[in-house]
Amino acid sequence: MSADTLPARPATSGGLSRLLTLALVALVGAVLVNALFEGWVQALLGSTSRGNFGRVVLHEVAWPKAVKNGLFLALAAGAVLKVAVDRRWRDFTTRADVALAVLGVVLVTAGLVNGSSLSLIAEAGYVYLRGAIVFYALRAAAPAWSTIRPVMLVMGGLVVLNTVVALAQMIGGPAVYEAFGWVDMTWANTARSQGMLNHPNHLGHVLALSIIGLLLWARARERMGRRAWIAVGLLALALSASQSRESIIALCVTVGLLWLLRGIAFRRMAIVAVLIVAFTGAQIVLRPDNQAEWQKRLNGVAAALRFPTGDEGHRTESPAPAVAPSAAPSVSPSPARSVTPSRKPTGKPSGKPSGKPSNKPSGKPSVTGSPKPSAVSPGPSPAPSTTYVPPREIRVLYFLQSVRLIEAKPVLGYGIGQFGGIVAEKNNPDWHLNPAFGPEGFDRHGFAAKQVDSFWLHLIVEAGVLGILSYLAWMVLIGQPLLRRTERFRGDRKPGGPYVYWGLAALIFGFQVAFLSASLEDPILPALMFAIVALGWLFPDRGANSTDPEATLP
């Protein structure tokens, strides 16, 4: 099959096949709804304790995660059964499908050559690729539009709900958060709306993809109606209230690329960009907490570049940050210390945890003792330096450390499930003490989060250059058939409809935010992104022009 050809959507025939189609679409809907509500359910049902700096630590209950994993596994099994019943194996031999198989082989090989157990490889591979299950399930289901439309309407309703709650949180403050059952007030205290999701960045991802979808929904029309612009404005305002920097930046870049692909008119692109920038700027100017957070991030980046890990010299780290840390800070928490392990590296990169996780930074300051006495003026040693290292952006510190790791093992990395992700943290909370990362392990700088806050960084350290290139090639080959239907590149091919552009935009957006978060391993963004991409593959012609009877979407 040509790389620029989208497979034709087959007609569903037979009672069992139709039943499986309905079941798969229902399961996809359940996966998406569960992803949007799991964090809130955990906040309502989980227990809490106090951690570093008085932060609320949520201890999650097990059954919501079991439900989530059960839904994904049922979706995968249903997709395989549907393809077998319809005998459509050849439909899943596109270049994108072959690229996924290659990616799987690379991930498994990276684990095997670096000592990851088979169970660890399976668990880590599942987390890396579970979002793709939604993509393949929808392709296997090959539903008619009338079958998928109810799921679209439900998801639209949930977007409206999160928008309303986010705006209420922006206006009402902590009281609104408490009214919805949130127990950790960090996001309220830093003036970041989270809606019904457990992190403002998750809200930002959902709203940004929704804004893009709404713009493309009206693509075939010469004019966007007043109600459509009001909806875009409210979504943009809610996005600015989340202060999700990665989502705001990625949305502006994605909308600009859509204009270059002739997916949206310049005027619409410019209006959206102005709305996003204006609302975000207003939040920063009018809300001191937002202003302080942006300033802290910028100062943290400068400090991390000036004082990278291991370059602190005789300085000690600042006993207090310039700005109070957030609940899930990306800046090294205060007192920010350059730490080295207090225990010798275990030499066990995977398997059972070698100790319980702790909220305390693990280790002692990397530099201790007093300077040598002066050779010119003998006498007592001078007092230690009082020059402090300011709080530093943790992403930059991790990146600079990881460059050294990649240089040492560039091809297949250190093995999946062994570095800086939720699987590594679950299987061995002391993963950073692995001697493979160096004599003193990987310096976490007291940062207690489960992930290293960058999907691409995590992937290249665990699976090497082969891993990240395989993943990128897979994404490119998924998006290539959609790209070939855009006005910029279609040539004499049929013009693509809004879902072609939305699917392509979702991939571009996901690629960008993965630099600043572990979003492509989370249960929310990958499921949404791949569901949208599947719509582009299944309905490339729907609403392609204003004379099309299907131009009214959804």
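Accessible areas here come from the Shrake-Rupley method with a 1.4 Å probe. On that basis, the protein chain of this predicted model has an accessible surface of about 23900 Å². Carbon and sulfur atoms account for 64% of that surface.

**The chain overall**
- The protein chain contains 17 helices and six strands.
- Of its 554 residues, 53% are buried.
- Among contacts in the protein chain with a separation of 6 or more, 77% join residues 24 or more positions apart.

**Asn290**
- Asn290 is part of helix α12, which spans residues 288-306.
- Asn290 counts as buried because its relative accessibility is 2%, and the cut-off for buried is under 20%.
- At 3.1 Å, the backbone oxygen of Ala191 is reached by the side chain of Asn290.

**Ser519**
- Ser519 sits in a loop, with α16 (498-513) on one side and α17 (525-538) on the other.
- The relative accessible area of Ser519 is 0%, so this residue is buried.
- With residues up to four places away in sequence left out, Ser519 touches His205, Val513, Ala514, Leu525 and Pro526.

How values were computed
Residues are numbered from 1 along each chain as its sequence is written. This is a predicted model: local features need pLDDT of at least 70, side-chain atom pairs count only at pLDDT 80 or more; totals for chains, interfaces and linings use all residues. Side-chain values use heavy atoms; hydrogens and water are left out. Helices (H or I, at least four residues) and strands (E, at least two) are DSSP runs, numbered from the N terminus. Buried means under 20% relative accessible area, exposed over 50%, partly exposed in between (1.4 Å probe, protein chains only). Contact means heavy atoms within 4.5 Å. A polar contact is a pair of N or O atoms within 3.5 Å; within protein, one must be able to donate a hydrogen and the other to accept it, and residues adjacent in sequence count only if both atoms are side-chain atoms.
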